[in-house]
Amino acid sequence: MRERFRRAVSGVALSALLGSGLAVAAAAPSTAAPRPANTWTVNEPGRSALSAELGLDPSGELRLAVDRGGAPVLLPGRLGIRTASHDLTKGLRFVKRRERTVHESYRMTTGKQLRRSATMRESTFTFRGADGARLGVVVRVSDDGVAYRYLLDDRGPVTVEREASTFEVPTDARAWVQPYVTSYETERTETTAGAANEARPGTCTGDTCSFGYPTLFEVGGTYVLLTEADVDGRYSGSHLDHADGTSAYSVALADGAPVTSDGPLATPWRTAIVGSLDTLVASTLVDDLAPPSKVEDTSWIRPGVDDWSWLSDGSSPGDYNRQRDFVDYAAEHGLQYTLVDAGWQASWVPELVRYARAKGVDVILWFDWNDLKTQQQRDAWLPKVKAWGVAGVKVDYMYSDSQSTFQWYDAILRDTARLKLMIDFHGATIPRGLQRTWPQVMSVEAVRGEENGQHSTRDIFLAFTRNIVGSMDYTPTWFSRPNRQDSLGHELALPVVFESGWTSLGDNPEGFAAHPVAERFLEQLPTTWDETRLVAGGPGAQPAGDRQAVIARRSGHRWFVGGILAGASDTMKAPLGFLGKGTWLVETIGDSGGRLRRTVRTVTAADTLAVPAAADGGFVALACPATRGRTDCADPVVTAPATSLTLDPAAVTAGPGQRAGIGATFTLPEGAALHKVRMTVDRDRLPAGWTATGRDVRAGTLPAGRALDGHWTVTVGKDQPGGEVDVPVVVTYADPAGGKAPPIHVEKVVKVSVPLHGTVYASDQPFLTETNGYGPVERDQSNGEAGGQDGHPLTVGGAVYAKGLGMNAPAQVRIDLQGRCTRFEARVGVDDETKGQGSVTFTVLGDDGRQLAATGVLRGGDSAVDLTVDVTGVHTLGLAVGDGGDNKNYDHADWGLARLTCAN
């Protein structure tokens with residue numbers, strides 16, 4: 001029923017909701033007449049702890065206050081909104097109030113609690129402004145917080161210029177604040193609400209400083225975490241502005257810019273999570289306020305642990321062999337993924353994906369958002385990596401809360417959902433309920449994570465701020481970091497204390513191998529949870545001066561406990577009341593003399609773990625029901641067996657309309673039999689016009705030593721241009737791990753070489769190698785900026801070319817001509833996008849780098865030059881551009897209409 005109050009109103013206009021009763025079966029409108037008083041109270045459904053009071057003063061200004069147990073938590077703070085057409089911040093008069101109870105029941109794919117249920121009391125107040133315009137204010141109160149939003153029933157475009165929304169916090173309240181930057185990567189500071197502007201590095205104008213969500217306060221023993229929920233491309237993100245020494249924290253739209261959307265419009269929820277620390281840690285309020293899932297089938301979504309090479313070696317993602325090392329490590333230790341970060345090459349990623357999937361490991365691929373910024377770029381890249389077998393993408397560097405950036409989030413989330421690609425946002429804004437609406441979102445950075453150094457106090461603060469509102473891509477466990485600033489136990493505890501649907505482990509295989517006790521624990525680590533509890537600690541200092549956080553998370557029948565400490569060594573205590581009845585087996589891993597030490601004991605819920613912790617230390621514990629004969633809590637680590645898939649032939653030549661026979665043999669050399677085995681040609685990935693005949697081959701059970709053979713005939717499409725095409729042969733079988741694990745995917749490709757023939761454009765051919773001075777070499781567009789597919793039509797001297805290559809000097813591509821072509825020609829010059837700047841040279845190279853032709857220096861603003869070359873007998877063609885002598889800036893070199901004449 002909350003659908004009625006989503007911004008994407010379905011079926012009933014907001015104006016109708018504001019002007020008449022809510023037609024909902026679960027909650028009839030209040031029959032009481034509006035009270036003549038100018039205050040109204042909304043209680044949480046249990047009518048116990050939380051209440052919100054909305055007041056209208058004689059000047060027509062709205063204010064909202066929040067109490068807990070009768071004690072003030074948030075003082076009366078301004079409400080109101082100003083649009084380009086109406087000032088609804090003052091001069092308001094009350095019209096009516098409607099009430100209902102909202103029940104939310106849903107299942108997540110990620111998070112602190114997979115199955116969710118929430119009950120909220122909702123009041124919708126209608127007011128009229130001085131000009132007669134209507135304003136709706138929706139207030140919701142639940143057992144873990146209070147939220148409100150505005151309803152505007154204007155027709156057509158609505159431009160919101162600003163909100164008057166303000167949270168009033170007593171100036172002496174303790175505060176944990178983060179100076180606002182769009183990366184959300186500044187450190188948090190403990191201070192007071194009034195003195196928050198002392199936090200550094202300040203982001204201030206005059207005496208007003210800006211702070212990012214979520215912001216934590218303690219008011220008389222009650223904690224308040226301020227944030228927002230349900231933000232998408234109809235609005236912008238916001239942050240909090242605070243004038244020095246005051247109690248007011250005002251909502252400020254991103255960049256101080258107005259937002260424009262089609263009316264009727266419901267704004268994001270201004271949200272306060274309120275209660276004890278354990279209430280905050282367990283709260284799901286941000287997701288409860290978000291729209292329901294837009295993805296009906298979530299069976300393909302698979303959270304998990306990945307190993308990741310970039311943190312320990314920033315150049316390693318460009319090394320195919322090193323990435324294989326990480327795949328091998330993931331396979332050996334039962335990790336679900338390997339994340340390949342910045343530096344990967346399209347020339348070898350498909351082979352790496354095939355190698356990984358045969359071992360039961362999926363690949364996540366990093367992207368700079370500049371390569372996925374436009375629909376054209378996404379349409380070029382995302383289907384391609386999906387066809388390679390990539391499971392998901394990590395997209396980086398958005399760094400904005402603007403409305404246009406949220407519109408981009410909307411678009412890429414639609415695209416990845418359609419293609420069944422999971423996604424992780426790095427260099428991103430905070431989650432605002434995104435993972436409920438788009439369940440393929442595995443994690444979000446928006447944190448000063450481990451790539452920015454280790455900081456134990458920061459870790460404590462994050463457990464009670466950022467990680468409460470959604471998955472947090474912190475990238476923990478760099479055990480072998482030079483000059484590491486925390487203990488091994490602290491690092492090991494972080495992936496339990498911090499929740500993330502994809503947990504990227506920060507060390508390398510050698511670093512992990514040095515700590516087998518940690519390896520054994522990480523093999524068991526889930527990344528989604530059935531239940532989350534705060535066991536001990538808080539953001540403030542303990543009497544001894546240190547800070548602690550101990551969090552327990554349940555997955556099935558097992559509890560995982562992570563404890564971290566900031567400060568001098570101390571004994572960390574964890575009451576085990578969350579375990580429930582019976583006797584439990586508990587494995588505890590903590591620091592001991594610079595190493596990790598594991599102990600095992602039996603306990604009950606009446607016991608308390610007492611773990612000696614090193615300075616800036618920590619511990620983990622794994623608890624399971626104690627059953628007869630059980631000595632530990634580890635589940636078996638089941639890995640994919642080594643198998644063999646051979647193709648005959650591995651490569652073949654066939655022209656348009658011709659046929660090629662393909663044979664395949666699959667065997668399991670040794671080990672337990674495989675089940676549900678299927679071998680086929682992946683017809684969905686053949687080019688348009690190609691066909692494959694022959695039956696799929698299946699075996700319900702395939703024992704070791706028995707071969708599975710298949711035969712198919714592939715026919716090349718009649719219009720297929722020359723070049724090399726991969727024909728994939730795929731074997732799948734049931735993952736030996738069982739459960740919901742997806743089938744193991746074994747794949748090899750037959751390389752079908754289609755002879756080059758007729759007129760062939762260089763931009764349609766695969767590159768054997770590619771280098772470029774700035775960003776990638778572009779096909780059929782200019783070089784543009786650093787992203788892929790971000791150029792413009794190739795234009796030299798005012799002439800526009802539909803086909804060709806866009807480069808930035810120094811650059812070179814090499815193309816296989818198969819010895820079949822006789823002539824290369826192009827119109828070359830500096831692209832007009834440089835506005836007359838830049839100078840380049842063009843060179844055509846043959847086999848062994850032999851120069852076939854070259855131009856002199858061509859400058860920006862010059863007309864294109866004809867370049868025609870005899871390439872008879874050449875097998876490998878090189879197209880190179882160089883700097884004309886004034887450095888590479890603006891050296892955008894176009895090969896307009898670059899084409900080859902080849903034999904028929």
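Predicted model: local features only at pLDDT ≥ 70, side-chain atom pairs only at ≥ 80, totals over all residues.
Axes are taken as lines fitted to C-alpha atoms, for helices over the stretch in contact, and angles between N-to-C directions run from 0 to 180 degrees.

Val 586 is a residue of strand S33, and its bridge partner in S36 is Ala 623. With a relative accessible area of 2%, Val 586 is buried, because buried residues are those under 20%. Although Val 586 and Val 600 are 14 residues apart in sequence, their C-alpha atoms are 5.7 Å apart in space. Val 600 is also among the contacts of Val 586 beyond four places in sequence, as are Thr 599, Arg 601, Val 603, Leu 609, Ala 621, Leu 622 and Ala 623.

A second open sheet contains four strands, arranged in the order S37-S39-S43-S41 with antiparallel pairing. Its edges are strand S37 (644–648) and strand S41 (691–693); each has a single partner strand, so one side of each has no neighbour in the sheet. Neighbouring strands here are turned by 25 degrees against each other on average, direction ignored. Strand S39 (residues 659–667) is joined to strand S43 (residues 707–715) by nine bridges, and the two run antiparallel. Opposite Phe 666 stands Leu 708 in S43.

Helix H4 (residues 320–332) consists of 13 residues. Its first and last C-alpha atoms are 18 Å apart, close to the 18 Å expected at 1.5 Å a residue. At the N-terminal end, H4 is capped by Asp 319, which has a side-chain oxygen 3.0 Å from the backbone nitrogen of Asn 321. After the helix comes Gly 334, with a positive phi near 75 degrees. The buried residues of H4 are Tyr 320, Arg 322, Gln 323, Phe 326, Val 327, Tyr 329, Ala 330 and Ala 331.

The largest nonpolar core has 172 residues, of which Phe 127, Val 139, Trp 344, Phe 425 and Phe 521 touch the most other members. Strand S10 (residues 145–163) gives the most to this core, namely eight residues. Beyond four places in sequence, the residues touched by Phe 127 include Trp 40, Leu 54, Leu 56, Leu 62, Leu 92 and Phe 94. Arg 93 and Arg 134 are also among the contacts of Phe 127.

Thr 795 is located in strand S49 (residues 794–796). Its relative accessibility is 17%, so Thr 795 counts as buried. The side chain of Thr 795 reaches the backbone oxygen of Pro 793 at 2.9 Å. Leaving out residues up to four places away in sequence, Thr 795 touches Val 800, Val 830, Asp 831, Asp 832 and Asp 894.

Definitions and conventions
Residues numbered from 1 in each chain as written. Heavy atoms only, no water. Pairing = 2+ DSSP bridges. Buried < 20%, exposed > 50% of the residue type's maximum accessible area, 1.4 Å probe, protein only. Polar contact = N/O pair within 3.5 Å; in protein donor to acceptor, adjacent residues only side chain to side chain. Contact = heavy atoms within 4.5 Å. Expected span 1.5 Å × (residues − 1). Core = buried A, V, L, I, M, F, W, Y, C linked by side-chain atoms within 4.5 Å.
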